[in-house]
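The following exercises concern the fold of one protein chain and some of its residues. Each task is followed by a solution in steps.

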Amino acid sequence: MRGLLQQVGSFDPAVRLLMVNQFAINLGFYMLMPYLADHLGHGLGLAAWAVGLVLGVRNLSQQGMFLVGGSLADRYGCKPMILAGCGLRTVAFALLGFAQTLPALLVASALTGLAGALFNPAVRAYLAAEAGEERRVEAFAAFNVFYQAGILIGPLAGLALLAWDFRAVCAASALIFGALAVLQARALPARPPKDRSTEAAWRAVLADWRSIAANRPFLLFAVAMSGSYVLAFQVYLALPLRARELFGERTGLVTGAVFAVSALAALSGQLKLTAWAKRTLSGPRAIAWGLVVMGVAFLPMLYAGSFVYGVLALVLCAALLAWGGALLYPFEMDTVVRLSGERLVATYYGAYNTASGIAIAAGNLGVGALFDTGVRWVPWVVLAGTGAVCAGAVAALDRGGYLRSPARELTLTR
């Protein structure tokens with residue numbers, strides 16, 4: 001903890017505020033979202049298809065609008081998008097607490113996703129710019145600690161508030177985002193966007209998107225890293241399915257414990273792993289080794305063994321996934337900035353998040369189909385292989401010089 005405080009204290013006030021902002025964002029989000037499906041299905045009595053529709057609209061709204069959110073941040077500045085996202089979340093979460101009809105719930109869900117699409121690329125672009133090239137990796141490492149802390153504490157706070165009512169959870173989450181909006185409106189310095197075009201907005205945005213589409217190193221890197229998001233998402237899919245095999249109806253409690261293990265592993269290992277990697281590895285090699293660790297995480301699941309072994313395998317898998325992700329994350333974020341040529345950074349982050357969202361959706365379908373085969377070892381082998389293939393792809397891009405190529409040489413002129 002002392003090391004974290006010292007590292008955070010060495011950054012500018014704007015960077016520190018963004019880290020606290022991300023903790024509060026995840027606190028408010030994970031305070032509510034893990035319990036939304038139960039509220040919709042049991043509290044409001046919606047059919048299963050309607051519950052899935054509400055949750056799906058949130059994901060589609062967020063993933064589908066990331067690129068737009070990033071473009072808006074580059075054109076109008078990161079601070080306005082951060083404020084707009086926090087404001088929208090305030091409205092959306094308050095509406096979720098009072099909405100009783102499916103149309104109102106769909107509107108609230110869509111606003112929730114749109115809010116994330118507005119502030120996520122903007123926060124990362126702002127952080128990258130404020131930290132500077134020399135300290136970007138350190139900044140993103142500390143940022144991930146705050147990110148994971150919000151994931152750890154949020155569900156626990158939400159569970160405590162559920163003792164009163166689901167509306168209390170929604171009200172608390174809305175208040176958090178409202179307070180964030182006010183705090184950042186007052187304390188976050190405004191940073192005018194760089195290279196703002198004077199041409200019509202839609203022409204400028206289309207030109208930005210064409211430049212990204214022409215940036216082959218960035219596109220190849222996004223494809224190579226897509227598997228990491230599929231692997232990380234298995235905390236929500238494959239591990240709960242295995243937990244159900246072991247624990248039956250007590251799956252919810254076990255899944256919560258798995259989330260806690262994952263967050264604690266990331267919190268305990270992030271700064272140490274980043275410091276070690278900076279001393280001993282290049283950025284691409286750190287990313288490749290992180291992918292290897294994430295793939296290896298699924299190997300303990302191959303052996304059925306006893307009940308006790310099954311529990312230990314779940315815990316070990318969650319921890320290794322978190323440590324692998326912690327190892328690669330700061331270098332991954334830094335690589336996106338470098339491949340952008342430090343221009344249109346928010347737009348690049350938006351495009352990158354959109355690609356990862358598509359990968360998660362396709363990966364979930366694939367992993368679900370693998371479980372439906374009934375051959376219990378197949379999903380774990382494929383997931384382990386995915387980590388190895390993605391690590392090999394990143395290593396190949398590094399050897400080919402793609403991850404060192406500045407994007408500014410490849411983008412279209414405007």
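**Exercise 1. Contacts along the chain**

Determine what share of the contacts with a separation of 6 or more joins residues 24 or more positions apart.

Solution. The model is a predicted one. In the protein chain, 84% of the contacts with a separation of 6 or more are between residues 24 or more positions apart. The elements of the chain are 16 helices, with zero strands.

**Exercise 2. Overall dimensions**

Compare the radius of gyration of the protein chain with the value for a compact globule of 414 residues.

Solution. Step 1: for 414 residues, a compact globule would have a radius of gyration near 22 Å. Step 2: the protein chain has 21 Å, which agrees with that value. Step 3: along the principal axes, the C-alpha atoms fill a box of roughly 60 × 50 × 45 Å.

**Exercise 3. Surface and charge**

State how much of the protein chain is buried, and describe its accessible surface and its charged side chains.

Solution. Step 1: buried residues are 52% of the 414 residues. Step 2: the accessible surface is about 17800 Å², and carbon and sulfur atoms contribute 68% of that area. Step 3: there are 31 positive and 19 negative side chains, and the centres of these two sets are 2 Å apart.

**Exercise 4. Serine 173**

Decide whether serine 173 is buried or exposed, and list the residues that it touches.

Solution. Step 1: serine 173 belongs to helix α8, which covers residues 166–187. Step 2: a residue counts as buried under 20% relative accessible area. Step 3: serine 173 has a relative accessible area of 0%, and is therefore buried. Step 4: leaving aside residues up to four places away in sequence, serine 173 touches Gly28, Met31, Leu32 and Phe93.

**Exercise 5. Aromatic pairs**

Classify the pair of phenylalanine 140 and tyrosine 349 and the pair of phenylalanine 218 and tyrosine 352.

Solution. Step 1: the count of aromatic pairs comes to 13. Step 2: planes over 60 degrees apart count as edge-to-face. The rings of phenylalanine 140 and tyrosine 349 have planes at 65 degrees and centres 6.4 Å apart, so this pair is edge-to-face. Step 3: phenylalanine 140 lies in helix α7 (residues 136–161) and tyrosine 349 in helix α15 (residues 345–372), and the pair links these distant parts of the chain, 209 residues apart. Phenylalanine 140 is buried at 0% relative accessibility, and tyrosine 349 is buried at 1%.

Step 4: phenylalanine 218 and tyrosine 352 form a tilted pair, with 6.3 Å centre to centre and 50 degrees between the planes. Phenylalanine 218 is in helix α10 (residues 216–232) and tyrosine 352 in helix α15, so this pair ties together parts 134 residues apart in sequence. Both phenylalanine 218 and tyrosine 352 are buried. Step 5: ring pairs also join Phe218, Phe221, Tyr229, Tyr348 and Tyr352 into a cluster.

**Exercise 6. Positive phi values**

What is the phi of glutamate 342, and what is the phi of leucine 344?

Solution. Step 1: most residues other than glycine have a negative phi. Step 2: glutamate 342 has a positive phi, near 55 degrees, and leucine 344 also has a positive phi near 55 degrees. Step 3: glutamate 342 is in the loop between α14 (307–339) and α15, and leucine 344 likewise lies in the loop between α14 and α15. Step 4: glutamate 342 has 42% relative accessibility and so counts as partly exposed, whereas leucine 344, with a relative accessible area of 12%, is buried.

Terms used: Residues are numbered from 1 along each chain as its sequence is written. This is a predicted model: local features need pLDDT of at least 70, side-chain atom pairs count only at pLDDT 80 or more; totals for chains, interfaces and linings use all residues. Side-chain values use heavy atoms; hydrogens and water are left out. Helices (H or I, at least four residues) and strands (E, at least two) are DSSP runs, numbered from the N terminus. The radius of gyration is taken over C-alpha atoms; the globule rule is 2.2 Å times the number of residues to the power 0.38. Buried means under 20% relative accessible area, exposed over 50%, partly exposed in between (1.4 Å probe, protein chains only). Contact means heavy atoms within 4.5 Å. Accessible areas come from the Shrake-Rupley method with a 1.4 Å probe; for residues, only the protein chains shown count as cover. Lys and Arg count as positive and Asp and Glu as negative; His and the chain ends are not counted. The place of a charge is taken as NZ of Lys, CZ of Arg, CG of Asp or CD of Glu. Rings of Phe, Tyr and Trp (its six-membered ring) pair if their centres lie within 6.5 Å; planes under 30 degrees apart count as stacked, over 60 as edge-to-face and the rest as tilted.
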